[in-house]
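Work through the exercises below with the model open. Each task is followed by a stepwise solution.

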Amino acid sequence: MPKPRVLHDEFFKLAKEKGFVARSAFKLLEIQEKRRLIRGSDRVLDLGCAPGSWLQVLDQNLGPKARIAGIDLSAVTAPLSERVRTMQGDIYTTPPEVLLALGGLTPEQIAAGAKFDVVISDMAPNTSGHGDAFLSSRLCERMLDMLPSLLKPGGKALMKILEGEPTPDTIARTKSVFVEAGTTKPKASRDVSREIFIWGWGYKPPATTKRALPAPAASAPTSPASPATSTRKPAQSASPSEALTAKTSRTVRSASRKEGGRAPAARRKAPKR
Ligand SMILES: C[S@@+](CC[C@H](N)C(=O)[O-])C[C@H]1O[C@@H](n2cnc3c(N)ncnc32)[C@H](O)[C@@H]1O
C-alpha cells in the first residue's frame, strides 16, 4: 500500500513560522546560498511569481535600490513592500516591454537597451500526469525565447523544469546561451517531485537581439486560466498599460564539474543548437 503523502513536512512548517506564503521560498534561499543568484541592487524579474514566496525572498534579501517585478496567471497574495510590482498575465502573450516597464525601466531606458540583471522562473503547468514534462519544458523554452529582450548581457537566469524526455534539449539550449550552466535540486524540493532547477550565469545574447520573438502560441496550453489583464488592486500591482508607460547538483559545464555532480542527460545525448 502506498505511504500517505506527508504534507506538513519541515519546510511547510518552517514557511508558516517565517511568514512565507509557500515552502518554495526555501528552494530559492538554498540556491541563493549556494550560488549567489542575486546581489544588492539587482533588477529582478520573477516569472510565475504567485502566491509570492520567491518575491518575499527577493524583497527581504535585496538592497533598497533593487527593483523587483513579477508576473503570474494568478494573483499574488504575499505581503510585499511597495517596490515589488506584479501583474496578472500570461508569459505567452505578455510583450517583454511590459515586463521591462514593470521592472521600473522608463521607455527611454528600454529604447536604450536596459534590461533585467536576473530573470527567474518557478512556473509550472497544471500537472495532470500526462505531458507535464513537455508543458514544463515549453514554459522554459518560452523564457529562453524572451531572454534576448529581457536579460542583460552577463545576466543570470534560473528556471524550474519537470524532468522528462525534452529536458536534455532545454538544458543544452540553456548551456548554449550562458557562459556557465547547470542543474540543481534543492533539499526543499520533495524527493518525489520531478522538478529540478536549471541555472545559467553570464548570459550571451545572440548577435541579432532584434529578431522578432516567436509568435505566441495560439493557445497557451500551460495556462489554467488566461487573465490577460490584472484584476489585482494592491499597491504593488500594475496593469500592463500602466506598466507600458512607466541535494544534488548536476552540472553541465566543465567549470562546474569540480562540484562532483554526475553528468546530466544533456551531455549524454544533447543535440547541438
Ligand atoms: C509553483 S507556482 C510558483 C510559486 C512561486 N514561486 C512562489 O514562491 O510563491 C507556479 C506558478 O506558475 C504560474 N504559471 C504557469 N503558467 C504560466 C504562464 N503561462 N504565465 C504566467 N504564469 C504561469 C502558475 O499560475 C503558478 O502560480
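**Exercise 1.** Determine the handedness of the crossing of helix 2 and helix 3, and classify their relative orientation.

*Solution.* The model is predicted. Step one: the crossing of helix 2 with helix 3 is right-handed. Step two: the axes of helix 2 (residues 25–35) and helix 3 come within 8 Å, crossing at roughly 40°. Step three: angles under 35 degrees would count as roughly parallel, and 65 to 115 as roughly perpendicular. The two helices are therefore oblique to each other.

**Exercise 2.** List the residues through which helix 2 and helix 3 meet, then sort them by class.

*Solution.* Helix 2 brings Ala25, Leu28, Leu29 and Gln32. Facing them in helix 3 are Ser53, Trp54, Gln56, Val57 and Asn61. By class, this contact holds 5 nonpolar and 4 polar residues, with no charged ones.

**Exercise 3.** Describe the shell around the ligand.

*Solution.* Next, the elements: helix 3 (53–61) and strand 2 (67–72) each contribute at least two shell residues. Last, the classes: 14 nonpolar, 7 polar and 3 charged.

**Exercise 4.** Which backbone features mark proline 51 and arginine 36?

*Solution.* Take proline 51. A cis peptide bond links it to alanine 50, with omega about 5°. Proline 51 sits in the loop between strand 1 (43–47) and helix 3. Now arginine 36. Its phi is positive, about 45°, although arginine 36 is not a glycine. Arginine 36 belongs to the loop between helix 2 and strand 1. With 10 other C-beta atoms within 10 Å, arginine 36 is exposed; the cut-off is 12 or fewer.

Terms used: Residues are numbered from 1 along each chain as its sequence is written. This is a predicted model: local features need pLDDT of at least 70, side-chain atom pairs count only at pLDDT 80 or more; totals for chains, interfaces and linings use all residues. A residue is near a molecule or strand if its C-beta atom, placed from the backbone, lies within 6 Å of it. Helices (H or I, at least four residues) and strands (E, at least two) are DSSP runs, numbered from the N terminus. Ala, Val, Leu, Ile, Met, Phe, Trp, Tyr, Cys and Pro count as nonpolar, Asp, Glu, Lys and Arg as charged, and the others, Gly among them, as polar. Axes are lines fitted to C-alpha atoms, for helices over the stretch in contact, and angles run from 0 to 180 degrees between N-to-C directions. Angles under 35 degrees count as roughly parallel, over 145 as roughly antiparallel, 65 to 115 as roughly perpendicular and the rest as oblique. A crossing is left-handed if the near helix is turned anticlockwise from the far one by less than a right angle, and right-handed if clockwise. Two residues are in contact if their C-beta atoms, placed from the backbone, lie within 7 Å. A residue is buried if 20 or more other C-beta atoms lie within 10 Å of its own, exposed if 12 or fewer, and partly exposed in between; C-beta atoms are placed from the backbone.
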